[in-house]
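Have a look at the structure, try each task, and then read its solution.

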Amino acid sequence: MDTQVFTISDGADCSAVLSPYGARLMQLWAPGRGGVLADIVLGHDDVQGYLDHPGTYFGATCGRYANRIADGRFDWPGGVVQLDCNEGVNHLHGGARGFDKRVWQVLRADARGVTFGLHSPDGEMGFPGDLDVEARYEFTGPARLQIEMTARAAADTVVNLVNHAYFNMAGQGSGVVDSQLLQIDADRYLPVDAALLPLGAPADVAGTPFDFRELRELDADVPAGGFDHNFCLNGGVGPAVVAVDPVSGRGLRLFTNQPGVQLYTGSYLPEGLPGKAGAVTGARAGFTLETQVWPDGPNHADYPSAVVVAGGVYRHEMEFAFFVAD
């Protein structure tokens with residue numbers, strides 16, 4: 001196992017630590033009031049920690065199809081595609097040997113950015129067609145981190161990559177995120193069943209616990225089991241998500257070209273999970289902002305398409321702009 005890690009920075013206050021194992025974001029440092037720095041993503045001190053606790057997906061690049069596909073199957077020209085089922089009868093985050101559990105190549109690296117590369121052969125975890133994938137992390141300017149995930153398809157296939165970082169704007173190891181503030185530019189979300197699979201058509205967020213159109217506390221109105229839902233982004237020019245810790249003032253604005261974002265508030269993270277620098281983590285210690293194509297998309301003709309045709313290129317862009325609130 002390659003345990004090499006890479007540190008990149010914006011040349012000022014913000015920096016990140018990356019690993020080729022899962023093209024993974026291990027640390028992300030951002031300033032709060034008074035210039036106080038904190039590492040705002042959950043994780044482990046070293047690569048062995050991620051090997052020991054794979055089910056959290058901390059900081060990983062997940063694929064070929066992240067999130068869930070019902071029964072691990074979907075109709076495809078020539079027959080039904082059967083995927084690896086690693087969450088009961090369903091497929092999750094690319095299967096038992098998804099991209100998060102692969103050691104990626106380091107294609108380019110410098111002080112501001114690293115590009116990781118991976119080849120996924122035809123039939124891997126059941127997916128059709130060869131796929132060549134890249135994930136690039138780069139500080140493009142002061143307090144701005146870009147994550148770009150691309151994939152080039154040799155044959156028609158489906159692709160949905162996500163970055164699975166868990167954020168705690170107060171800093172990893174600082175406790176639960178219930179009082180942190182979140183805003184999501186989404187008028188609709190996808191209701192789910194007990195297996196967290198979408199029931200069908202999107203529903204309006206108005207009058208429900210899923211209304212984050214104005215900045216509000218995460219625990220102000222929480223559904224049973226917490227949040228683990230796709231929000232159908234409006235697709236405006238502004239940020240898709242804003243997150244703020246009101247105590248430290250540490251905040252981020254997330255921009256993306258994707259049609260959805262999965263908010264998961266970590267209700268099922270195991271208690272006593274070792275974090276970084278001696279911290280112990282557990283339920284609600286962080287939240288994900290997994291920008292994505294919608295879950296179970298290949299089984300819903302009316303959802304945004306995840307199909308990438310032969311010779312086509314999938315391109316997924318995320319940009320985090322960090323700020324300090326007044």
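The exercises below concern aromatic rings in this predicted model.

**Exercise 1.** Find how many aromatic pairs the whole structure holds, and classify the pair of Phe167 and Phe287.

*Solution.* A search of the whole structure gives 15 aromatic pairs. For Phe167 and Phe287, begin with the distance: the centres are 6.3 Å apart, and the cut-off for a pair is within 6.5 Å. Next comes the angle, which is 40° between the planes. Stacked planes are under 30 degrees apart and edge-to-face planes over 60, so this pair is tilted. Now place the two residues: Phe167 lies in strand β16 and Phe287 in strand β27, so their pair ties together parts 120 residues apart in sequence.

**Exercise 2.** Decide whether Phe167 and Phe287 are buried or exposed.

*Solution.* Buried means under 20% relative accessible area. Phe167 has 1% relative accessibility, so Phe167 is buried. Phe287 is also at 1%, and therefore buried.

**Exercise 3.** Classify the ring pair of Trp294 and Tyr303, then work out whether each residue is buried or exposed.

*Solution.* The ring centres of Trp294 and Tyr303 are 5.1 Å apart, and their planes meet at 70°, so the pair is edge-to-face. Trp294 has 6% relative accessibility and counts as buried. Tyr303, at 5%, counts as buried too.

**Exercise 4.** Identify the cluster that contains Phe212, and the charged residue over the face of Phe212.

*Solution.* Follow the ring pairs: they link Phe212 with Tyr189, Phe210, Phe227 and Phe231 into a cluster. Then look over the face of Phe212, where Arg216 lies 3.7 Å from the ring centre.

Terms used: Residues are numbered from 1 along each chain as its sequence is written. This is a predicted model: local features need pLDDT of at least 70, side-chain atom pairs count only at pLDDT 80 or more; totals for chains, interfaces and linings use all residues. Side-chain values use heavy atoms; hydrogens and water are left out. Rings of Phe, Tyr and Trp (its six-membered ring) pair if their centres lie within 6.5 Å; planes under 30 degrees apart count as stacked, over 60 as edge-to-face and the rest as tilted. Helices (H or I, at least four residues) and strands (E, at least two) are DSSP runs, numbered from the N terminus. Buried means under 20% relative accessible area, exposed over 50%, partly exposed in between (1.4 Å probe, protein chains only). A charge sits over a ring if NZ of Lys or CZ of Arg is within 6 Å of the ring centre and within 35 degrees of the ring normal.
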